[in-house]
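Here is a short briefing on one structure.

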Amino acid sequence: MYRKLYVTPFCCTQRGGMKVYPYEIAGSSVTVKVPESYADLQEFKAWFKRANDAGPIALDTETTGLDIYSPGYRLRTVQFGDRFNAWVLLYEYGGYHAGTAEWALHHGQQFLIHNAPFDWAVLDRHADMPIESLAPRTVDTRLKAGLVDPRQPQEGGRGTALKPLSAYYIDPASPDTQGDLTAVFRSLKLTKATGWAGIPLEHPTYLLYAGLDVLLTARLNVALDAELAKLDVRPRLIAYEHEIARICAIMQRTGMVLDVDYTRALDAQLGEEAVHFEAQALRYGVSSVNSIRQISEALVGMGETLTERTASGALKVDKAVLSALADVSLQGERLNLRKPNPLAEAILRSKRAGKWRSTYTQTFLGAADAEGRVHCFINSMQARTGRMSITRPALQTLPSGDAMIRRCLLAEPNHVMVSTDFAAVELRVLAALADVTQMKRAINAGEDLHSFTARMVFGEDFTPKHRKISKGIAFGKVYGGGAATIQRQTGAPMEEVRRALAAYDRVYPEVKRMSNRWQREAYETGMVHLSVTGRRLPLDRERMYAVVNYACQSVARDCLGQSLINMEEQGLLPYMRLPIHDEVLCSVPEADAGAFAESIREAMTFDLFGVPIEAEAEIGRRSWGSLYGADV
């Protein structure tokens, strides 16, 4: 539809007070206008009324950065547009400029936003436009693009960023505004971090490309609608993803109370730990805990055998290798399989302390708002399978048993934390999708699934070690891990792992049959698996076996998404704080914690093809860490 995109900035013309920037996109004229006077703003209003009647209006903002809730954060411009006209309103000037932007926000019937949760949060916090009002009137082109192809460029996909999508759907010549703005930042002696706040508000490049973003969003929406229709993506799935994005945006806005004093003390402690274990590593000749060469040479000198190599040929000393040498799992649990190597332990502990400090405690303290609350960004549809992620900071990457970092975050005063977690949801989803007879029988009988599997594979006299192997195999089937991965995670001899895998396939033959069937179907449908909820899951030809992982993880994520919707319908949204993997964290009144926990559990319990999806609620004290052993 758009064969050629030529973006040619002509000289800015001044019409009265209005700045006008003409362009050409795909051979047709487009215009970016920047109102400066009251009369100019009235002209914008006249355009807006016509555009509002004609169809959706693209909407975007320019701000001083990403930390929306930090003190001193500013909303600089608000821009509106269709496929041919863009208007950049100088919100930072206040007065009529800000008032006109807010008028348009309140009167727009439908808006197109690329990555809507960010702009929802900005406008909610800084422009008197509640998420509850704006979100139902929004179509997010980023969500649409993710439903067409959820892969990032490094995975062979198009990604979900506006510029790469515009280059694909509109024209390869679609300009990279970030690159041009970065050059301007450098010319003004600003960095990427300071440029968005420091560039003059009326700088031509800044204004031109602010306007260009809404022009591209409006055009991208047309192309995505055509693609979604061609692929027969269900309209209900699109609406469902918008509902989940709205719920997550409201949780993000609520945020969590930060225990500032504890966090500052922990930050100092982690700094001391990093230095202490760096000094221990230095005793073995390692002056930098990040030097692969120094670490590998020192370990070999201590008599360790290193066999794995990086792509460049260097001996591999990543977390998996060091953990095995230190006799701990990837989660830091003692394995008792060998004598721990003291250098490997020191490297792991120094790097962990440094990472936790920069990723968590310093981020908490730096991004907290004026009221001492932390607002983590919740990406409601991130991975290829649609799984959610939490960034700034990445709370989903915390070890499962950690209390130290989680202790930083608190429930409201007179509240307690309630964590409600699905019970073995990936395995239950696998049992439902593949109709695994024995597995469904065990689930419906209320048996511990890993113990049941161990008994079926190893016999009635199975040991805790056998249960651990069975658990590793079960998750290996779901997550695509082979014998080597299971052996590394469990510490069991390879021959024993292989025998157990063969026995597992005999006990649960439906899993292998379903995997083979899904792979055949994917070959026939362009290497795409269609989930039971209608989600398109592209597969990699060299990793077709991952179809089981994608199918189960995707449906498990949709179980979580439906649970969030169920919880909102029960009036629980004001108490919801974070969705983490298969868990929902809530802050509820201490006096009624039991009743709230039961309501949350009920919202996360339902039937999936004859398999009960169940959840378990745990009531803690005031801190999140109390659910992991902390005493507060």
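Which residues line the second largest cavity? They are Arg142, Leu143, Gly146, Pro150, Gln152, Thr160, Met381, Gln382 and Ala383. A lining residue has an atom within 4 Å of a cavity point. The model is predicted: local features need pLDDT of at least 70, side-chain atom pairs count only at pLDDT 80 or more, and totals for chains, interfaces and linings use all residues. Residues are numbered from 1 along each chain as its sequence is written, and side-chain values use heavy atoms, with hydrogens and water left out.

**Cavities**
- A cavity is a set of points on a 1 Å grid over the protein atoms alone where a 1.4 Å probe fits but cannot get out.
- Seven cavities of 30 Å³ or more are counted.
- The largest cavity has a volume of about 100 Å³, the space filled by probe spheres set on the points.
- Its lining includes Leu66, Asp67, His375 and Arg392.
- The second largest cavity holds about 80 Å³.

**Sheet**
- Four strands form an open, antiparallel sheet in the order β17-β18-β14-β21.
- β17 (576-580) and β21 (615-619) are at the edges with a single partner strand each, so one side of each has no neighbour in the sheet.
- Strands are DSSP runs (E, at least two residues), and two of them pair if DSSP finds at least two bridges between them.
- Four bridges join β17 to β18 (residues 583-589).
- Proline 579 has valine 584 in β18 as its bridge partner.

Note on methods. 1 Å grid on protein atoms, 1.4 Å probe; cavity = no way out; pocket = protein on both sides within 12 Å on 5 of 7 lines; lining within 4 Å.
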